[in-house]
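Subject: Structure handover and notes

Dear colleague,

Here is the structure I promised to pass on, followed by an account of what was found in it. Please read the notes with the coordinates open beside you.

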Amino acid sequence: MLPGKFCKGSSFNGVTGALKQANMDLETGSNKNHVKRESWRTVLTLAYQSLGIVYGDLSTSPLYVFNSTFAEDINHSETNEEIYGVLSFVFWTLTLVPLVKYVFIVLKADDNGEGGTFALYSLLCRHARVSSLPNNQLADEELSSYKTEVGANPDPDRIGSRLKSTLEKHRVLQRILLILALIGACMVIGDGILTPAISVFSAVSGVEQLAMHKEHHKYVEVPVACIILIGLFALQHYGTHRVGFLFAPVVIIWLLTISAIGLYNVLHWNPHVYRALSPYYMYNFLKKTQKRGWLSLGGILLCITGSEAMFADLGHFSQLSIKIAFTTFVYPSLILAYMGQAAYLSQHHMTAHDNDVGFYVSVPEKIRLPVLVIAILAAVVGSQAIITGTFSIINQCSSLGCFPRVKVVHTSTSIHGQIYIPEINWILMILCLAVTVGFRDTRRLGNASGLAVITVMLVTTCLMSVVMVLCWHQSIFYAICFLFFFGTIEALYFTASLVKFLEGAWVPIALALIFMIVMYVWHFGTIQKFEFDLQNKVSVDWLLSLGPSLGIVRVRGIGLIHTELVSGIPAIFSHFVTNLPAFHQVLVFLCVKSVPVPHVEQEERFLLGHVGPREYRIYRCIVRYGYRDVHKDDMEFENDLICSIAEFIRTGKSDTNRDIHSGNNNEKMMVVGTPSTSAQSINMWEDKSEDSEMAGTSEQDIQSPEVKKPKKRVRFVVPESPKIDRVAQDELQELMEARESGVAYILGHSYMKAKPASGFMKKLAINYGYEFLRRNSRASTNALNVPHASTLEVGMGYYV
């Protein structure tokens, strides 16, 4: 069998058909999640699974709410006004924020099934052209997932149109939106440090209720909590898919336990505690305690820790499943747990006088040990969920050019979103251990965690009010009402937490400031680099003037020239051919870019076009990924890329006798899917054996030069129809020969410095900040999963 042959027929599909679905699972697994669920069995299964992933953090909040609230600012008096007031605040806070705001309003603002701060920002970017991504194209707006018509009225009102035009005209407002999204992301990262610390430490604090001298328990709590945290972070690289099936049962057992204990305490100690659910007790509480009561709100807000996960983890489940799990099980269980603690404390004032108002004092003594074990397991589950969420938000930031490139390891081939980032994992562990050892009490940990939680909620409220007008096309009146009502509640808690700056609240601010500087410097440097590449790109006319051989020696093989540009010729190419006048017979200008959507369908993955006439054998390929898409490994990516080029050659409508460039160097591009998207697409067969036969395939010889003992044989299997013309056959033949010779990646390795006349801040950001991050982040070859043996870097230095 000569290597220069391609096959027509469907028998090859039997060889590759089994692989197609496997290739699609990892990349588009999440796309299936936001499809409308038809079966109630599916909905209930998702609701069951969400208990372990979404509600682990929220369900462990009873461990530390009362303890943090009564730690310093208020005392529990004989009249029970304080305990009843705190219970009333907890009840209405849980009702208004998680139930009303998130379940009934915010969950509807999904971005093609995805949730979180960046989902809201992505919606705004697509509806108002305020995206921070530099290489946007009009073709991106034609993606099936680009537009999401969620409003009842598709036509925006006057105020919505005015708001849209205002955002598009003023760069300052665009930066404010970006900064808001980054603040939310930074606080989520801070929460990923603080939540494991307070959850595990509060769970372990139950040892003081066991048979141990009180002065000794402080020597046990911190070491045990640190050991658990080290084990938790050390096991991250294994992924959660192996033990994830245990998460939901652990949280269910925990919620059933605390609700049963709560019901017992209500019936046994104070059956009339339900009266404290009246808002009157909130007024009475603030009237009596005044400033001290306002300060204690920083502990009360911990009851909604983890509420943001309902929205952030929406992509793994569905709106209905999350709503069912919260309204029917999580919410009632938490209310019963808090009522039970309040009922017990209302009859035990001496215990409260000793500042012992923790969760475990309300647990019957006979079952404290098993409850302690369950609490520790629940705390680990809740911590795992927020750690995974932190990995996810950093991956999203990196995809959108707002965070340095990091190594992302996908720990599961079947479950989308199960990722692990080694560098971030160890940084989180060190910082988590530092705050645990440094604070050593739930009061200061609660102050720190509370500020991070409420800041994320404030950011969500601000972005949601803009989404209502811009994306949902609702009246400005409803947006202002939403912002005023929920913003006032959250601002009240925010100020109460911010006042405790010196008592722990400085930690999330310091962490957010550090990550914010890193994100903004990296984003600023990325934009500066792209603008330089754009201004210094080589004209396509210059390339075409060189003729089909480009004035250089064309050697066998495929050269993939990586560039951030979506048009024009990158400067590194002219720099390369000037110093080494030889290049591959097939050139591909490859641009791997992110678009402001969570997922790009495989059918729309590649955007392909010719650069010049066909005989030049130069192509432009733009590979588009969403901010939550999985990047394939190098071999899968190479095969998909080559097959997509072959499919473009087979079905392309380009005129071979004329220049397809317009005056502004815009090229005609065609959307091509990956081979797994259609049985009618071209597939590729590679065989390293010397004699390989494919039984049952009808073959057509394509003339090619004789090759002696090739190391690799490549053949394309094409559908029976439509027929391929002779010009396309020759082009496919040359592509096959080039693939057999191998693929080389040419990447630019640039050194960027600020101009001598630049300001001090720009020099500091570019020369020191961006350069430090660039040197210590993953190289672009790692981000693309490019094999080092096939990589050639072209160095360039320039001023911006």
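The largest nonpolar core of this predicted model has 169 residues, a nonpolar core being a set of buried Ala, Val, Leu, Ile, Met, Phe, Trp, Tyr and Cys residues joined through side-chain atoms within 4.5 Å, where buried means under 20% relative accessible area, exposed over 50% and partly exposed in between, with a 1.4 Å probe and protein chains only. The residues with the most contacts inside this core are Tyr55, Leu94, Trp254, Phe326, Tyr338 and Met464. Helix α8 (residues 171-204) gives the most to the core, with 17 residues; helices (H or I, at least four residues) and strands (E, at least two) are DSSP runs, numbered from the N terminus. Apart from this core lies another, of 30 residues, which includes Val623, Ile649, Ala728 and Leu732.

Two sentences on conventions belong here. This is a predicted model, in which local features need pLDDT of at least 70 and side-chain atom pairs count only at pLDDT 80 or more, while totals for chains, interfaces and linings use all residues. Residues are numbered from 1 along each chain as its sequence is written, and side-chain values use heavy atoms, with hydrogens and water left out.

For the chain as a whole, 59% of the 800 residues count as buried, and there are 27 helices and 13 strands. Taking contact to mean heavy atoms within 4.5 Å, 84% of the contacts between residues at least 6 apart in sequence join residues at least 24 apart.

Trp254, leaving aside neighbours within four places in sequence, is in contact with Ser59, Thr60, Leu63, Phe359, Val371, Ile374, Ala375 and Ala378. Within helix α8, Asp191 is buried, with a relative accessible area of 9%, and the side chains of Asp191 and Thr195 are joined by a polar contact of 2.4 Å (a pair of N or O atoms within 3.5 Å; within protein, one must be able to donate a hydrogen and the other to accept it, and residues adjacent in sequence count only if both atoms are side-chain atoms). Not counting residues up to four places away in sequence, Asp191 touches Asp57, Pro196, Ile386, Ser449, Ala452 and Val453.

The aromatic pairs come to 19, on the rule that rings of Phe, Tyr and Trp (its six-membered ring) pair if their centres lie within 6.5 Å, with planes under 30 degrees apart counted as stacked, over 60 as edge-to-face and the rest as tilted. Phe89 and Phe285 form an edge-to-face pair, 5.8 Å centre to centre with 70° between the planes; because Phe89 lies in helix α5 and Phe285 in helix α11, the pair ties together parts that are 196 residues apart in sequence. Phe89 is buried at 6% relative accessibility, as is Phe285 at 1%. Tyr55, Phe326 and Tyr331 form one aromatic cluster.

Helix α6 is mostly covered, 12 of its 12 residues being buried, and is followed by Arg129, whose phi is positive, near 55°. Asn112, in the loop between α5 (81-104) and α6 (117-128), also has a positive phi, near 55°, and counts as buried at 14% relative accessibility. Gln290, in the loop between α11 (280-289) and α12 (291-295), has a positive phi of about 55° although it is not a glycine, but at 56% relative accessibility Gln290 counts as exposed.

With best regards
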